[in-house]
Amino acid sequence: ELTEPEQFEEVDPECVGLNEVNGVSAAICIKPIESDTIMSGWIKSAGNYEYEIVNNVLMAMARFESATFLDLGSNIGVYTLLVAAMKRQVVAVDAEAINLALIRRSLNLTNTSDYVRLIYNSVRLIIILTISNAYKYNLAMCT
């Protein structure tokens, strides 16, 4: 977990406002567009990213008030920042230190850093499905 300022990479990003989603808004610091045309470019031009999915997440977080949001592969933090703006707990995990530095800068802009734990690590998810579990859950088996 990164908690101290000296643990983060130095960044001097452009920061923009995210469009309001389900009554929630936040600022986000983005990467230079020439190095990140997809995420940062989309946010800069459209004001948000994956709007419908983000909206569904925010509605779920509103419904489950004691839930902590786990943002695996958080990138520059669209989900993390908006859930934190709801004053809800978030654990954001990313394998790129620059992404966590950008999230931290964004959180500082909105005074929501107390709601977020930043974890510098990769995540690997392995699902093992046994034949008995496949039958239990009525999953089709291919041979």
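Student: What should I know about the model before I start?
Tutor: It is a predicted model, where local features need pLDDT of at least 70, side-chain atom pairs count only at pLDDT 80 or more, and totals for chains, interfaces and linings use all residues. Residues are numbered from 1 along each chain as its sequence is written, and side-chain values use heavy atoms, with hydrogens and water left out.

Student: How many helices and strands does the protein have, and what pattern do they follow?
Tutor: Helices (H or I, at least four residues) and strands (E, at least two) are DSSP runs, numbered from the N terminus. Here there are five helices and five strands. Along the sequence the pattern reads β-β-α-α-β-α-β-α-β-α.

Student: How do I read burial, and what share of the residues is buried?
Tutor: Buried means under 20% relative accessible area, exposed over 50%, and partly exposed in between (1.4 Å probe, protein chains only). In this protein, 41% of the 143 residues are buried.

Student: What share of the contacts joins residues 24 or more positions apart?
Tutor: Contact means heavy atoms within 4.5 Å. Take the contacts with a separation of 6 or more: residues 24 or more positions apart account for 61% of them.

Student: How many disulfides are there, and which residues are joined?
Tutor: A disulfide is a covalent bond between the sulfur atoms of two cysteines. The rule used is a pair of cysteine sulfur atoms within 2.5 Å. The count comes to one. C15 is joined to C29, with S to S at 2.1 Å. The pair links distant parts of the chain, 14 residues apart: C15 sits in strand 1 (residues 14–17) and C29 in strand 2 (residues 27–30).

Student: Why is the disulfide right-handed?
Tutor: The torsion about the S-S bond of C15 and C29 is about 90°, so the disulfide is right-handed.

Student: Which residues have the most contacts inside the largest nonpolar core?
Tutor: In soluble globular proteins, nonpolar side chains tend to be buried together. A nonpolar core is a set of buried Ala, Val, Leu, Ile, Met, Phe, Trp, Tyr and Cys residues joined through side-chain atoms within 4.5 Å. The largest one here has 35 residues, and I28, I43, V78 and L82 have the most contacts inside it. Elements that each supply at least two residues include strand 2, helix 1 (39–46), strand 4 (90–94) and strand 5 (116–120). Helix 3 gives the most, with six residues.

Student: What does I28 touch?
Tutor: Leave out residues up to four places away in sequence. Among the residues that I28 touches are C15, I43, V78 and L81.

Student: Why is helix 3 largely enclosed?
Tutor: Seven of its eight residues are buried, so helix 3 is largely enclosed by the rest of the structure. The buried residues are V78, Y79, T80, L81, L82, V83 and A84.

Student: How do helix 2 and helix 3 cross?
Tutor: Axes are lines fitted to C-alpha atoms, for helices over the stretch in contact, and angles run from 0 to 180 degrees between N-to-C directions. The axes of helix 2 and helix 3 come within 10 Å and cross at roughly 35°. A crossing is left-handed if the near helix is turned anticlockwise from the far one by less than a right angle, and right-handed if clockwise. Helix 2 passes helix 3 in a right-handed crossing. On helix 2, I53, V54, V57, L58 and M61 meet V78, Y79, L82 and V83 of helix 3.
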